[in-house]
Amino acid sequence: MKIKIKHAFAYVLLGSWAGVIIYGFTNVLWDFLVKPFIEIGIVKSLIFFTLFVGLATVMWLIISASEKLVKWLLKE
């Protein structure tokens, strides 16, 4: 029973952490990469590029954290 509680806690922690990372990176990318280019006028291609880079970064972080979590869960 204790192992199931640990696993449930780990999954909740991973989900909430991923949400915080996605929200934080979205704000940072918007404030520092997209807003200045909107003011300049180069918007369309840079928005797609920024979204791609942001998505790739977030996916890499989630996969990295998930891999560590799975290894930890398998060790139990």
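Me: Before we start, what counts as buried here?
Reply: Buried means under 20% relative accessible area, exposed means over 50%, and partly exposed is in between, using a 1.4 Å probe and protein chains only. This is a predicted model, where local features need pLDDT of at least 70, side-chain atom pairs count only at pLDDT 80 or more, and totals for chains, interfaces and linings use all residues. Residues are numbered from 1 along each chain as its sequence is written, and side-chain values use heavy atoms, with hydrogens and water left out.

Me: OK, how much of the protein chain is buried?
Reply: 14% of its 76 residues.

Me: And how many helices and strands?
Reply: The protein chain has 2 helices and 0 strands, counted as DSSP runs numbered from the N terminus (helices: H or I, at least four residues; strands: E, at least two).

Me: Why call the chain more spread out than a compact globule?
Reply: Because its radius of gyration is 17 Å, well over the 11 Å that the globule rule gives for 76 residues. That radius is taken over C-alpha atoms, and the rule is 2.2 Å times the number of residues to the power 0.38.

Me: What does the C-alpha trace span?
Reply: About 60 × 15 × 15 Å along the principal axes.

Me: Switching to I47: which helix is it in?
Reply: I47 sits in helix α2, residues 44-75.
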